[in-house]
Amino acid sequence: MKGTRPARKHVERLDVDGEAVDIKLGMFLDNTRRRADKLTPERRDELVQLGMRW
């Protein structure tokens, strides 16, 4: 799946109730991969279902 390997500095801007909110998606994904061994099996399965590539 393309798009699950953004640069660490990648930021997604979302509209939340008419207000722009920046989400540090790249940092979240990088940190999640680094800490994968600490995730519960259920959480890992949820992320895999979303297209997470480890």
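This dialogue goes through how to read several features of a predicted model.

Biologist: What should be kept in mind about the model and its numbering?

Modeller: The model is predicted, so local features need pLDDT of at least 70 and side-chain atom pairs count only at pLDDT 80 or more, while totals for chains, interfaces and linings use all residues. Residues are numbered from 1 along each chain as its sequence is written, and side-chain values use heavy atoms, with hydrogens and water left out.

Biologist: How do strand 1 and strand 2 pair?

Modeller: Two strands pair if DSSP finds at least two bridges between them. Here strand 1 and strand 2 are antiparallel and share five bridges. Within this pairing, Leu14 stands opposite Val21 of strand 2.

Biologist: What phi does Asp17 take in the hairpin?

Modeller: The general idea first. Most residues other than glycine have a negative phi. Asp17, however, has a positive phi near 55°. Asp17 sits in the loop between strand 1 (12–16) and strand 2 (19–23), and the hairpin has two residues between the strands.

Biologist: Is Asp17 buried or exposed?

Modeller: Buried means under 20% relative accessible area, exposed over 50%, and partly exposed in between (1.4 Å probe, protein chains only). Asp17 has a relative accessible area of 79%, so Asp17 is exposed. Ala20, in strand 2, also counts as exposed, because its relative accessibility is 51%.

Biologist: Which residues does Ala20 touch?

Modeller: Contact means heavy atoms within 4.5 Å. Not counting residues up to four places away in sequence, Ala20 touches Arg13 and Leu14. Ala20 and Asp30 are 10 residues apart in sequence, and their C-alpha atoms are 23 Å apart in space.

Biologist: Which residues of helix 1 are buried, and what covers them?

Modeller: In helix 1 (residues 25–34), the buried residues are Gly26, Leu29, Asp30, Asn31, Thr32 and Arg33. Their cover includes helix 2.

Biologist: Where is Thr40 found, and how far is Thr40 from Asp30?

Modeller: Thr40 belongs to the loop between helix 1 and helix 2. At 41% relative accessibility, Thr40 is partly exposed. From Thr40 to Asp30 there are 10 residues in sequence and 17 Å in space, C-alpha to C-alpha.

Biologist: What is Arg44 in contact with?

Modeller: Arg44 is in helix 2. Leaving aside neighbours within four places in sequence, Arg44 contacts Ala36, Leu39 and Trp54. Arg44 has a relative accessible area of 28%, so Arg44 is partly exposed. Arg44 and Arg33 are separated by 11 residues in sequence and by 10 Å between C-alpha atoms.

Biologist: How does Val48 read in the model?

Modeller: Val48 is in helix 2 (residues 41–49). Its relative accessible area of 44% makes Val48 partly exposed.

Biologist: What radius of gyration does the protein have?

Modeller: The radius of gyration is taken over C-alpha atoms, and the globule rule is 2.2 Å times the number of residues to the power 0.38. A compact globule of 54 residues would come out near 10 Å, but the protein has 13 Å. The C-alpha atoms fill a box of roughly 35 × 20 × 20 Å along the principal axes.

Biologist: What share of the residues counts as buried, and what share of the contacts is between residues 24 or more positions apart?

Modeller: Of the 54 residues, 20% count as buried. Among contacts with a separation of 6 or more, 20% come from residues 24 or more positions apart.

Definitions and conventions
Helices (H or I, at least four residues) and strands (E, at least two) are DSSP runs, numbered from the N terminus.
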